[in-house]
Amino acid sequence: MSSKSARRRAREFALQGIYQALLSGNGIALIEDQVQQAPGFDKADRALFITLLRGTLNDTAALEAEFAPFTGRAVAELSPIERAVLLLATHELERHVEVPYKVVINEAIELAKSYGGTDGHRFVNGVMDKVAAKLRPLEVAAREAERKGG
């Protein structure tokens, strides 16, 4: 599927870096360097990748605190991929308000479908819907009103 956008690729590579950090405990600089050597990285939005990777890894505890109430289990019990997707998407919802919340959720679902377990995308969708309602209540309410009225 070579039609992936540079932004989608940046999210995929950021996810890989976050996943690597969760499993290895390696530092951001090392992970950033390793991921940028990966095949296909030249087609990714490098600036977005760096922003997402650094922003997420520098704030994991606070990001987990945002989504943990909606997971139904301890964050430590999540699969590393689900945890990484939730971290990335929560960061993007919180820090990148220029990206519509529906886009953030759809990207998270696609990442979970591509890299996670069979029903991981459903879990991610359910959690991120609740996180979006908490972090972007006005945007979510406006979209709901538009859907019902229009």
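Visitor: Which residues of α6 are buried in this predicted model?
Guide: This is a predicted model. A residue counts as buried when its relative accessible area is under 20%. In α6, the residues that qualify are Tyr 101, Val 104, Ile 105, Glu 107, Ala 108, Ile 109, Leu 111 and Ala 112.

Visitor: What covers the buried residues of α6?
Guide: The buried residues of α6 include Val 104 and Leu 111. Their cover comes from other helices, including α1 (6–24), α5, α7 and α8.

Visitor: What distance does α6 reach from its first C-alpha to its last?
Guide: Helix α6 has 15 residues, and at 1.5 Å a residue a span of 21 Å is expected. The span in the model is close to that expectation, at 21 Å.

Visitor: Where do the buried residues of α7 lie, seen down its axis?
Guide: Helix α7 covers residues 120–135, and its buried residues are Gly 120, His 121, Phe 123, Val 124, Val 127, Met 128, Val 131 and Ala 132. Seen down the axis of α7, these residues fall within an arc of 155°, so they line one face of the helix.

Visitor: Is Glu 12 buried or exposed?
Guide: Glu 12 is placed in helix α1. Its relative accessible area is 8%, and the cut-off for a buried residue is under 20%. Glu 12 is therefore buried.

Visitor: With which side chain does the side chain of Glu 12 make a polar contact?
Guide: Leaving aside residues up to four places away in sequence, Glu 12 touches Lys 4, Leu 111 and Tyr 115. The polar contact, at 2.9 Å, is with the side chain of Lys 4.

Methods. Residues numbered from 1 in each chain as written. Predicted model: local features only at pLDDT ≥ 70, side-chain atom pairs only at ≥ 80, totals over all residues. Heavy atoms only, no water. Helix = DSSP H or I, 4+ residues; strand = E, 2+ residues; numbered from the N terminus. Expected span 1.5 Å × (residues − 1). Buried < 20%, exposed > 50% of the residue type's maximum accessible area, 1.4 Å probe, protein only. Arc of directions from axis to C-beta. Contact = heavy atoms within 4.5 Å. Polar contact = N/O pair within 3.5 Å; in protein donor to acceptor, adjacent residues only side chain to side chain.
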